[in-house]
Amino acid sequence: MRGLGDWSSDALARLRRRTARPLVVSPPQHVLHLYSDDEELLDRLEQWVLTGRERGQRTVVFATPARRQALRSRLQLWSLEDAAELFDAQTALDRFVVDGVPDPVLFESVVGAAVRAFPHGQVRAYGEMVAVLWREGNVQGALELEELWNALQRTVDCPLLCAYPDADLRTAEGDHPQRTPVCEAHDHLLR
């Protein structure tokens, strides 16, 4: 009888064959995924969580209700519901954004506390709070939130995957989203 570790390694290998893009996280620690549809994003997010599990890491996820439910369903198929801690992106934003501006102290008490709840090197994160701010038209708030994530990462070993709809950046920034301040706030860009 195979153990869970054998089964999840086989499953992860099948997922990697299905997903053509590599999921290299080290040395890049702050990764931006520009996606064209939700299924593509969910594939990337599922792979992010499964890779973290393979490396002995839990994933702290700040996502919309629909994305959290979809991820929860996918993780249940793998019997890996415990691989991620799921938080509501809007609720988190409501706790640390004041008058449209992310407050660094409140960010630390909400996001920093969630990340620091795990031992050094045993956590990774996914966040779409910046995309929520961007979509609301709060571009400056989104950029400031990216910088708060960067500051947190200077103190905690926590790879971070962010995701924005490709169309949102193209609409706001023209035809070359890789040249935007959003993209420049990240170590690596995935499409």
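Which residues does Val111 touch, not counting residues up to four places away in sequence?

A: The model is a predicted one, in which local features need pLDDT of at least 70 and side-chain atom pairs count only at pLDDT 80 or more, while totals for chains, interfaces and linings use all residues. Residues are numbered from 1 along each chain as its sequence is written, and side-chain values use heavy atoms, with hydrogens and water left out.

When residues up to four places away in sequence are set aside, Val111 touches Phe62, Phe96, Met129, Trp149 and Leu152. Contact here means heavy atoms within 4.5 Å.

The surroundings of Val111 can be described through the nonpolar core. Such a core is a set of buried Ala, Val, Leu, Ile, Met, Phe, Trp, Tyr and Cys residues joined through side-chain atoms within 4.5 Å. Buried means a relative accessible area under 20%, exposed means over 50%, and partly exposed lies in between, with a 1.4 Å probe and protein chains only. The largest nonpolar core has 33 residues, and the members that touch the most others are Phe96, Val111, Met129, Leu145 and Trp149. Two or more residues of this core come from each of strand E1 (30–35), E2, helix H4 (89–96), H5, strand E6 (123–127), helix H6 (129–135), H7 and strand E7 (160–165). Helices (H or I, at least four residues) and strands (E, at least two) are DSSP runs, numbered from the N terminus. Helix H6 contributes the most to this core, namely six residues. A second, separate core has 18 residues, among them Ala63, Trp78, Leu80 and Leu161.

A pair of aromatic rings is described by the distance of the centres and the angle of the planes. Rings of Phe, Tyr and Trp (its six-membered ring) pair if their centres lie within 6.5 Å; planes under 30 degrees apart count as stacked, over 60 as edge-to-face, and the rest as tilted. Five aromatic pairs are found in a search of the whole structure. Phe62 and Phe87 are stacked, because their ring centres are 5.1 Å apart and their planes lie at 20°. This pair links distant parts of the chain, with Phe62 in strand E2 (residues 58–63) and Phe87 in strand E3 (residues 84–88), 25 residues apart. Phe62 is buried, with a relative accessible area of 2%, whereas Phe87 is partly exposed at 32%. Phe107 and Trp149 make an edge-to-face pair, 5.7 Å from centre to centre and with 80° between the planes. Distant parts of the chain are linked here also: Phe107 belongs to helix H5 (residues 104–116) and Trp149 to helix H7 (residues 139–153), 42 residues apart. Both Phe107 and Trp149 are buried. Ring pairs join Phe62, Phe87, Phe96, Phe107 and Trp149 into a cluster.

Two strands pair if DSSP finds at least two bridges between them. E2 and E6 pair in the parallel sense over five bridges, and Phe62 stands opposite Gly127 in E6. E6 and E7 also run parallel, joined by three bridges; the bridge partner of Ala125 in E7 is Leu160. E6 is mostly covered, five of its five residues being buried. Val123, Ala125 and Gly127 point one way from E6, while Arg124 and Tyr126 point the other way. The charged end of Arg124 sits over the ring of Trp48, 4.2 Å from its centre. A charge sits over a ring if NZ of Lys or CZ of Arg is within 6 Å of the ring centre and within 35 degrees of the ring normal.

Side chains of opposite charge can pair when their charged atoms come close. A salt bridge is a side-chain nitrogen of Lys or Arg within 4 Å of a carboxyl oxygen of Asp or Glu, and a search of the whole structure finds nine. In one of them, Glu85 meets Arg58, with the closest N and O atoms 2.3 Å apart. Glu85 lies in strand E3 and Arg58 in strand E2, so the pair ties together parts that are 27 residues apart in sequence. Glu85 is partly exposed, with a relative accessible area of 30%, and Arg58 is partly exposed at 26%.
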